[in-house]
Amino acid sequence: MRFLLIEDNADLAQSVAARLSLDGHAVDVAGSLAGAEDHLAVAGYDLILLDIMLPDGDGRDFLRLHRAANRDTPVIVMTARSEVSERIAILDAGADDYLTKPFDFNELGARMRAVLRRRAGSARTERSFADLVFDPLTATLRLGDETRDLRNRELRLMEIFLSAPDRIYSKDQLCDRLFSAADAVSDNAIEVYVGRLRRKLEGSRARIETVRGVGYRLTAQ
Amino acid sequence: MIALPRFRSIRQRLVVLLLLAAALLSVLLFISVRAIAWASVEASQDSILGAATIAIAEELRGGEESVLVEIPYAAFSMLGSSGEDRIFYRILVGGDTVTGYGDLPLPATEATGLEPVFYSRPYQGEAIRLAAVGRSVLVGGVPVKAQVLVGQTRSAQAQIIARMSSRAAALGMGFFFLSAVLALLTAQAVVRPVNTLAEALGRRGPQDLRPVRRPVPDELDPLVAALNGLMARLTAALSRTETFIAEAAHHIRTPLATLRTHAEIAQRITEEEEVLARLREIRRAADDSSRSAGQLLDHATVAYRTDQRAEEDLDLRGVIADVLRAAEPTAELKDLHFVVSVPDGPVPIRGDRLLLESAVRNLVDNAIKYSDGDDAIDLRLDVANGLARLAILDRGRGLGDRQGRDLTRRFTRGSNVADVVGSGLGLTIVREVARAQSGTFRIENREGKGACAILSLPLA
């Protein structure tokens, strides 16, 4: 997907962009509201990530203009303030959702999916692997005519494997990406979720292999 | 200056001062009424005495060798009419006493005309009042000076004076009591604006820092101005606190976000187990400090909002729905779902929306954080006995061996949660919000497994 990141802190902007591109997204960075307008004038985006405190204005003003101009690109606001009043003001101004800095990219992913689902937007998120079609937005796997629903952790596990098929992931790596530090994770959690995903993949040519002593990988037969 | 005792109350001070003034005026009234009475009684007695003396003097007849004196008894009966006083007289001709009491004291200057000279002297152990007149009488064709003195004891006069004095005293007392009543009423009237101001301020909630606008007497203006100044400074300090909280949040959270993102990137691009372990710790520390910072700022916000409560009429169901909508994606990450049961009708609460959302959000966050995943989190809102009761039940690890009350203490965490990021402030915030909204909060182990948090708030 294509993101526009509007954030004046260059360090943060650069790291967020780098992190998103690891997931295969294209990211343009604007350091100010004026810069954002320049980008929006020439390119279409699937999602805008917006900081509230910007050098040439308030992100809420951008939201109002954005909505007034009838542009329907969804906007997720990144705010340093966690208070509800701030959130209400942001949502009232027309944001689709908000994230409190610092945020977990899993959470960003979840909110992004929720926003895109709500808006039933034009973003194409489907990916094919072997004889499967995976749609993270609707959290489904399609095998021929059959549609299988994925639960959230299964979905993210699928995303991780799909981002680099045939790559071997260790349990710790999967753990790091599937859970946040705030989660209480049991020792066999990864086995549990891999087991569930395997059941969802049954009947397809895709399978998750256990590489003994190393980890797991997704392969197509 | 009279040193006045130091009164704690203006009213008391005013009453005492007014009573002192009234007492002084009453005494003056008594003294002057008595003095006037005295003077007028004396004047009337003197005129009788004078008339009697003149009557006697006019009866003096000159002769060839001496003076003929015929005491007109009418004169004495005139005097005698005024009580049981004793009457003395003395008639001198050419300096010799011809009749009467020879030792009756003479006036300081000899009386020469028919205009009586009055004077008071002690005589025979009593104070007497005397009148003296003089005239010339022809004795053998030669004018000789004659003097007539008439004296009278003053018991009748004293009686009249005593009677009048007691009336004056009664008048004075009456005057004093009337003044006392008026003083009390005056003091009350003077103190009333102070009392009304105090009442108006007292009726305010402790968080109401609006300036005082009610009209007050000019004398109270400086006090009210000082009060308003203080309130303005307090409000400014509170709003500085708010600005500070916002800026602190920005300056703490932005670098933490950068740090966390870099750690995540590094985690993604390295294969080294050792490095991954380190990065995991970095991410965890960043999460830990961002959560602590968030909770500290939240706590500060709650404290600040508690001091400056912005109450509004709310439907608690709306508050819960908003919190759940925001928490949904986080819960979804763990495949948790909310099972919500709320009454069909509105659940009206009067309170600060931000405080209530903070409390509910903390409880929902906790339920998400401590649940293992693939579970339901129950939210049950019901209304009974004038209370709205929100129960949040999870199937997480519960409270361990700690009591719910301990967990609401600042920075106290359960003994069973060392592996989960947390600040130990969440339940403190909930408890403080409950307190600020006149409600109660408790948390306990749920039967079977998990925790049950109950927030009760009075209905509007």
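Two strands pair if DSSP finds at least two bridges between them, where strands (E, at least two residues) and helices (H or I, at least four residues) are DSSP runs, numbered from the N terminus. This is a predicted model, in which local features need pLDDT of at least 70 and side-chain atom pairs count only at pLDDT 80 or more, while totals for chains, interfaces and linings use all residues. Residues are numbered from 1 along each chain as its sequence is written, and chains are lettered from A in the order in which they are written.

Select the sheet of chain A, where 5 strands, in the order E2-E1-E3-E6-E7, form an open sheet with parallel pairing. At its edges, pairing on one side only, are strand E2 (26-30) and strand E7 (97-100) of chain A. Inside this chain, pick strand E3 (47-51) and strand E6 (75-79), which pair in the parallel sense over 4 bridges; A:Leu50 has A:Val77 in E6(A) as its bridge partner.

Next, colour the side of chain B that touches chain A: 45 residues of chain B are in contact with 38 residues of chain A (C-beta atoms, placed from the backbone, within 7 Å). Helices H4 (221-269), H5 (273-307), H6 (316-333) and H7 (353-370) of chain B each give two or more residues to this side, and H4(B) gives the most, with 15 residues.

Finally, show helix H7 (171-178) of chain A with H5(B), whose axes are 11 Å apart. They pack at an angle of about 25° and are therefore roughly parallel to each other (an angle under 35 degrees). Here A:Asp172, A:Gln173 and A:Asp176 meet B:Glu273, B:Leu276 and B:Arg280.

Definitions and conventions. Contact = placed C-beta atoms within 7 Å. Axes fitted to C-alpha atoms, helices over the stretch in contact; angles between N-to-C directions. Parallel < 35°, antiparallel > 145°, perpendicular 65-115°, else oblique.
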